[in-house]
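Dear colleague,

I am handing over the structure below, and my notes on it follow directly after. Please read them alongside the model.

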Amino acid sequence: MSTPSQPGQPAAAGTGCLKPFSFVICAGVIPGPLSPPGVHCHVRIVLRLHRLTLTDFRNYAALTWRPRARISVLIGPNGSGKTNLLEAVSLLVPGRGLRGSRGADLPRRGGPGYWAVAGKFSTILGETDIGTGTAPDGISDRRVFRLDGTTPRNQAEIASRAAAVWLTPRMDRLFQEGASGRRRFLDRLVWALDAAHAREVAAHDGAMVQRNRLLAERRAEPAWLSGLEDAMARHGVAATAARMALVRRLNAEPPTLDGAVTSAFPAARIDLVCAIANRLAISPALEVEDWLRAELAANRGRDAASGTTVLGAHRADMMLTDLESRTEAGLASTGQQKALLIGVILRHARLIADARGFAPLLLLDEPAVHLDEQRRAALFQALRESPAQVIMSGTDAATFLPLADHAEAWRAHAGELRPEPGFLACSPLSSDGVTC
Ligand SMILES: Nc1ncnc2c1ncn2[C@@H]1O[C@H](COP(=O)(O)OP(=O)(O)O)[C@@H](O)[C@H]1O
Ligand SMILES: [Mg+2]
């Protein structure tokens with residue numbers, strides 16, 4: 001079932017409707033996917049999602065949605081399918097999507113058992129179709145990608161064309177809950193820029209699980225344990241170095257968005273709380289690996305008694321400090337925490353834009369919740385100034401009315417999206433030549 005088309009209304013310049021393609025003016029250099037960080041462009045080649053098709057995905061039996069403005073707001077009460085739609089978009093880039101769900105949760109309950117999500121994009125490499133869904137065997141939990149009608153060689157091919165960053169309500173609790181959530185948050189930021197990071201973390205954690213099992217079984221296998229501790233040391237130091245590199249780059253990124261000061265998203269310093277990082281700050285990596293190997297070997301008895309590995313990259317935590325008030329996020333209010341996180345996510349989006357040559361999609365699930373009026377206004381201002389396509393959600397249309405001159409809004413209801421009155425209305429044919 002397609003969404004009904006919006007009433008055709010000519011779009012005035014500056015309204016922010018989607019352009020089919022934008023050009024880059026970049027001091028004579030068009031940055032490729034591997035451009036070094038620090039290349040700043042006045043106008044970026046943009047990434048735009050023009051059409052999204054869902055087939056038996058979560059609560060959507062069949063939906064074709066054509067976002068036409070640069071900023072789209074999904075409106076609807078709880079359970080109306082807003083997060084499901086954002087999740088669908090997030091699955092069009094490598095990774096497990098913004099919910100990190102298992103594949104088995106994605107097919108529509110009561111449907112045929114398979115699912116598919118497809119997006120038509122304007123990308124740095126031209127018009128591109130990206131699709132994902134159930135593997136052809138139809139039974140495995142594995143999902144597969146399609147790129148322009150063929151199977152991509154690897155996920156890096158997808159990453160060179162499309163990227164997305166997101167903010168979810170689950171992140172509202174990031175500083176109330178344990179270190180593992182913060183570590184996963186940080187690792188996802190690292191992984192978005194450094195594809196090898198996920199493998200390093202998985203190799204470290206896999207070796208650690210095996211070592212814990214050997215120690216629990218009280219099997220005296222020194223050679224085997226040494227091999228596992230060697231893997232933990234090598235992969236743990238590599239993963240920590242990648243985390244440190246990202247933290248350094250995020251901390252160096254000014255709290256501005258394309259020249260405008262976003263003071264409502266206070267400059268925040270990220271600190272990695274990690275014994276390995278402390279060592280790496282003062283010693284070469286090979287020395288730190290030797291130290292970690294020796295520590296792990298010396299503490300087999302202690303780790304066997306406690307049933308865990310006390311030292312390793314799996315113990316890292318992340319701290320966020322508001323540089324203005326000197327408040328650590330764990331002690332800040334929920335709204336202050338959210339503002340700090342939004343600041344981090346916008347800075348991360350800029351790092352991706354610098355590295356890949358295009359601004360990633362911004363998927364913001366309930367971004368206005370917990371923000372006071374001033375911070376909401378600042379968020380909307382930041383989104384106005386950003387070159388990125390934004391898809392965000394909220395329960396109340398009135399919250400987003402200050403953006404009505406830049407955003408279109410859609411009401412999610414019973415597996416369909418209908419245009420919400422009071423917001424921008426762009427016809428698909430009128431968007432040529434419009435300045436985003
Ligand atoms: N696999 C599925 N099949 C059918 N419905 C689903 C599936 N997964 C989730 N849902 C339903 O989708 C609805 C909307 O979820 P969600 O997008 O999270 O709502 P919200 O608008 O509050 O963000 C929920 O009622 C949930 O039960
Ligand atoms: Mg939701």
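For the helix pairs discussed below, axes are lines fitted to C-alpha atoms, for helices over the stretch in contact, and angles run from 0 to 180 degrees between N-to-C directions. Please keep in mind that this is a predicted model, in which local features need pLDDT of at least 70 and side-chain atom pairs count only at pLDDT 80 or more, whereas totals for chains, interfaces and linings use all residues. Residues are numbered from 1 along each chain as its sequence is written, and chains are lettered from A and ligands numbered from 1 in the order in which they are written.

To begin with the overall picture, the protein has ten helices and 16 strands, where helices (H or I, at least four residues) and strands (E, at least two) are DSSP runs numbered from the N terminus. Of its 436 residues, 44% count as buried; a residue is buried if 20 or more other C-beta atoms lie within 10 Å of its own, exposed if 12 or fewer, and partly exposed in between, with C-beta atoms placed from the backbone. Two residues are in contact if their C-beta atoms, placed from the backbone, lie within 7 Å, and among contacts between residues at least 6 apart in sequence, 73% join residues at least 24 apart.

Turning to the ligand, 15 residues surround ligand 1, and the closest are Asn59, Gly79, Lys82, Thr83 and Asn84; a residue is near a molecule if its C-beta atom, placed from the backbone, lies within 6 Å of it. Helix H1 (residues 82-90) contributes three residues, the largest share of this shell. By class, the shell holds two nonpolar, eight polar and five charged residues, where Ala, Val, Leu, Ile, Met, Phe, Trp, Tyr, Cys and Pro count as nonpolar, Asp, Glu, Lys and Arg as charged, and the others, Gly among them, as polar.

The helix packing comes next. The axes of H5 (residues 222-252) and H4 (residues 196-216) come within 8 Å and cross at roughly 150 degrees, and the two helices are therefore roughly antiparallel to each other; angles under 35 degrees count as roughly parallel, over 145 as roughly antiparallel, 65 to 115 as roughly perpendicular and the rest as oblique. H4 passes H5 in a left-handed crossing, a crossing being left-handed if the near helix is turned anticlockwise from the far one by less than a right angle, and right-handed if clockwise. Among the residues that make this contact are His197, Val201 and Leu214 of H4 and Trp224, Met232 and Ala239 of H5, and by class the contact has 13 nonpolar, five polar and three charged residues.

Within H4, valine 201 is buried, with 25 other C-beta atoms within 10 Å. Once neighbours within four places in sequence are left aside, valine 201 is in contact with Asp187 and Ala239.

H4 also meets helix H3 (residues 179-193), the axes coming within 7 Å and crossing at roughly 135 degrees, so that H3 and H4 are oblique to each other. Here Asp187, Val190 and Trp191 of H3 meet His197, Ala198 and Val201 of H4, and the contact has four nonpolar, one polar and one charged residues.

On H5 there is a further contact, with helix H7 (residues 285-298), where the axes come within 9 Å and cross at roughly 135 degrees, which makes H5 oblique to H7. This crossing is right-handed, and the residues that meet include Glu229, Ala233 and Val237 in H5 and Val288, Leu292 and Leu296 in H7; the contact divides into nine nonpolar, two polar and five charged residues. Glutamate 295, also placed in H7, counts as partly exposed with 17 C-beta neighbours inside 10 Å, and its C-alpha atom is separated by 9.8 Å from that of alanine 233, 62 residues away along the chain.

Finally, two backbone angles deserve a look. Aspartate 56, in strand S1 (residues 48-57), has a phi near 50 degrees, a positive value in a residue other than glycine, and is buried, with 20 other C-beta atoms within 10 Å. Arginine 326 likewise has a positive phi, near 60 degrees, but lies in the loop between strand S11 (317-322) and strand S12 (327-328) and counts as exposed, with 8 C-beta neighbours inside 10 Å.

With best regards
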